[in-house]
Amino acid sequence: LPAPAAAMEAAPLVSFGVVADIQYADEEDGCDFWGRRRRYYRHSLRLLRAAVEVWAAEQPPLAFVVQLGDCIDGVNARRGAAEGALERVLAALRRLPVPVHHAWGNHELYNFCRDRLASSGLNSRPAPAPAAGPPAGPPGDCHAYHFSPAPRLRFVLLDGYDLSVLGRDPASPSHRESLRRLRERNPNENLNSPAGLKEPQFVEFNGGFSQTQLDWFDEVLKFSDENQEKVVAMGHLPIHPDASDKVCLAWNYEDALSVIHSHQCVVCFLAGHLHDGGYCLDSHGVHHLTLEGIIETPPESNAFGTIYVYDDKMVLKGRGRISDRVMYF
Ligand SMILES: Nc1ncnc2c1ncn2[C@@H]1O[C@H](COP(=O)(O)OP(=O)(O)O)[C@@H](O)[C@H]1O
């Protein structure tokens, strides 16, 4: 901003850091499934540390950071390196004096079962639960919750792998139900393949939202509507086709969108998963921002951002291959 405009800009209600798909592993560079995109497994930790340095120096200080999932890569599981890799990522983030909210992605679930995630540093559900307002989260082991960092502003973290064949005991009813849903729409022998599917998001590396989670989400948004709050919702998986490719969406993204669209309060949905990033303003005025992933970012660049929330807009200051963006409400 030119100086006079900058001087007129009021302080933000809150500012926070965002980062997606770090996918750290102490491994040589690799590539994506198609062999087209390089994945910088080892450098990703250096890029995260550089992000943390920038965030830590920000004035006014950030209120929190959102890590949108896939913080370590599935290759760690095959090498018995999951715990060590996670500890390195969490240690980098611990240099920040603010809380970090962690979405759980497919790569967390390649490395850990949900019980282990719940007892790890990736369980970011605040304790104790808020005294007033809607329930802190849905019942069960879903990693979804809400918090209010400033008056009239609420953040809701959703768990897109609540319905999933990843991270749950294959003998559990929830795994069986998820596998049934997946097979119903994906007849491929390799359930990671979207080949020939009418709904290409029905692959094993995605997941969905249970009705229990959607009902809870609806209850939170009802409370926010009644209290004139603005809501930023977020999760690993994108929920709008115009902010994603056809494959990388949550299985039942339409259900999450209908909950959002039946309320006034949601202004933005933040996601990761799609390493190329994406953005759209949907038909109901909700901004869908999918962040570029660190893992496919060359070591000389970076991919993280800071979002400043004002009464009438959110301003994304992107670093490296993430662009600046102003999102009006
Ligand atoms: N088109 C596809 N057909 C079959 N398997 C696929 C396809 N795309 C991805 N996969 C497999 O699905 C898993 C997740 O894909 P990947 O691209 O690594 O996801 P992420 O972007 O979350 O790292 C990998 O095991 C990958 O080999």
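**Core, helix pair and loops**

A: Leu270 touches Val18, Val66, Leu68, Val232, Met234, Leu289 and Leu291, leaving aside residues up to four places away in sequence. Bear in mind that this is a predicted model.

Q: Which residues touch the most other members of the largest nonpolar core?

A: Leu48, Leu68, Val89, Met234 and Leu270 do, in a core of 93 residues. Two of those, Leu68 and Met234, are also among the residues that Leu270 touches.

Q: OK, helices. At what angle do helix 8 and helix 9 pack?

A: About 20°, with the axes 9 Å apart. Helix 8 covers residues 211–226 and helix 9 covers 253–261.

Q: Parallel or antiparallel, then?

A: Roughly parallel, because the angle between helix 8 and helix 9 is under the 35 degrees cut-off.

Q: And is the crossing left-handed or right-handed?

A: Right-handed for helix 8 and helix 9.

Q: Which residues meet there?

A: From helix 8, Leu214, Phe217, Asp218 and Leu221; from helix 9, Asp255, Ala256 and Val259. The contact consists of 5 nonpolar and 2 charged residues, with no polar ones.

Q: Switching to the backbone. Where is there a cis peptide bond?

A: Between Gln59 and Pro60, with omega at about -5°. Pro60 lies in the loop that runs between helix 2 (43–56) and strand 4 (64–67).

Q: Is Gln23 buried or exposed?

A: Buried: Gln23 has 27 C-beta neighbours inside 10 Å, and 20 or more is the cut-off for that class.

Q: And Asp70, what does phi look like there?

A: Positive, about 60°, although Asp70 is not a glycine. Asp70 is in the loop between strand 4 and helix 3 (75–78). With 27 C-beta neighbours inside 10 Å, Asp70 counts as buried.

Q: One more loop. Where is Pro139?

A: In the loop between helix 6 (114–118) and strand 6 (145–150).

Q: Buried or exposed, and why?

A: Exposed, because Pro139 has 10 C-beta neighbours inside 10 Å and the class takes in residues with 12 or fewer.

Q: How far is Pro139 from Tyr308?

A: Their C-alpha atoms are separated by 32 Å, and the two residues are 169 residues apart along the chain.

Note on methods:
Residues numbered from 1 in each chain as written. Predicted model: local features only at pLDDT ≥ 70, side-chain atom pairs only at ≥ 80, totals over all residues. Axes fitted to C-alpha atoms, helices over the stretch in contact; angles between N-to-C directions. Helix = DSSP H or I, 4+ residues; strand = E, 2+ residues; numbered from the N terminus. Parallel < 35°, antiparallel > 145°, perpendicular 65-115°, else oblique. Left-handed = near helix turned anticlockwise from the far one by under 90°. Contact = placed C-beta atoms within 7 Å. Nonpolar A, V, L, I, M, F, W, Y, C, P; charged D, E, K, R; others polar. Core = buried A, V, L, I, M, F, W, Y, C linked by C-beta atoms within 7 Å.
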